[in-house]
Amino acid sequence: MTQSHPRPRLRPARLGDLDAIVDLHTRARTAYYRTGGAAEHEIGDPAQPDPLAHRRDAWRRAVDTDARTVVCAVAGKRVVGVAAMGHVAGPAGELYQIHVLPGHWGQGVGSALHAAFVRFLDRERLPEGRVEAWRRNERAMAFYARRGWSPSGEHRPGPAGGDYVRMRLAAAG
């Protein structure tokens, strides 16, 4: 049985959210890599001796720049989801990251964050969205497919023999 949580509200991320964002990002990525069969040594980045510090610095830069829009999903007082988006070369918007705390999967958090990205495309008058997902993350692949994303044909190597797949979404309007 899925546990029920308060309906999340969306708001812009703040620098004070960094610890919560890094924690939920770490938990979400660990869960989907493990579910997809990646071993512990494949989950980390050997080029980053302190992955949490690297992740925190990357999120700090994303939150603290006008080049990215970072949105938090908050249930009660807890940050339970985050999405980062921005412009890429050409007339497209990039959904750089979307993460939901594993205990909140299936509760509408990811859908709310995705809807924020679609509104971003509309507001910025961008005709296309782009995202990259790990092919072995079946939950994410199904999530994007249900929302109209399709593979672009581009990919790059990922852990456990699963490529990262680039996908596109035609914006409405």
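Which residue follows α1 and has a positive phi? The answer is Gly-37, whose phi is near 95 degrees. The legends below describe close-up views of a predicted model.

**Figure 1. Overview of the chain and the order of its elements.**
The secondary structure of this predicted model comprises five helices and seven strands. Read from the N terminus, the elements follow the order β-α-α-α-β-β-β-α-β-α-β-β. The radius of gyration is 16 Å, close to the 16 Å that the globule rule gives for 173 residues, so the chain is as compact as a globular protein of that length. Along the principal axes, the C-alpha trace spans about 45 × 40 × 35 Å. Of the 173 residues, 42% count as buried. Among contacts between residues at least 6 apart in sequence, 64% join residues at least 24 apart.

**Figure 2. Helix α1 and the glycine that follows it.**
Helix α1 covers residues 18–35, a total of 18 residues. From its first C-alpha to its last it reaches 26 Å, close to the 26 Å expected at 1.5 Å a residue. After α1 comes Gly-37, with its positive phi near 95 degrees.

The side chains of Asp-23 and Arg-27 meet in a salt bridge, with an N to O distance of 3.1 Å. Because they are four residues apart in helix α1, Asp-23 and Arg-27 are separated by about one helical turn. Asp-23 has a relative accessibility of 33% and therefore counts as partly exposed. Arg-27 is partly exposed as well, with a relative accessible area of 45%. Side chains of opposite charge can pair when their charged atoms come close.

Strand β2 (residues 68–75) pairs with β3 in the antiparallel sense over eight bridges. One of the bridge partners in β3 is Gly-86, which faces Arg-68. The two strands form a hairpin with two residues between them, and Gly-76 in the turn has a positive phi of about 70 degrees. Strand β3 also pairs with β4, again in the antiparallel sense and over eight bridges. Here Val-88 has Ala-92 of β4 as its bridge partner. The hairpin of β3 and β4 has three residues between the strands, and Gly-90 in this hairpin takes a positive phi near 85 degrees. Strand β3 itself (residues 78–88) is mostly covered, since eight of its 11 residues are buried.

**Figure 3. The surroundings of Gln-97.**
Gln-97 is located in strand β4 (residues 92–100). With a relative accessible area of 26%, Gln-97 is partly exposed. Leaving aside residues up to four places away in sequence, Gln-97 touches His-25, Trp-59, Val-82, Ala-83 and Ala-84.

The structure holds 11 salt bridges. In one of them, the side chains of Glu-132 and Arg-156 meet at 2.7 Å, N to O. This pair links distant parts of the chain: Glu-132 lies in strand β5 (residues 128–134) and Arg-156 in strand β6 (residues 150–156), 24 residues apart. Glu-132 counts as partly exposed at 27% relative accessibility, and Arg-156 counts as partly exposed at 41%. Glu-128, Arg-130, Glu-154 and Arg-168 are linked in a network of salt bridges.

Notes
Residues numbered from 1 in each chain as written. Predicted model: local features only at pLDDT ≥ 70, side-chain atom pairs only at ≥ 80, totals over all residues. Heavy atoms only, no water. Buried < 20%, exposed > 50% of the residue type's maximum accessible area, 1.4 Å probe, protein only. Contact = heavy atoms within 4.5 Å. Pairing = 2+ DSSP bridges. Expected span 1.5 Å × (residues − 1). Salt bridge = Lys/Arg side-chain N within 4 Å of Asp/Glu carboxyl O. Rg over C-alpha atoms; globule rule 2.2 N^0.38 Å.
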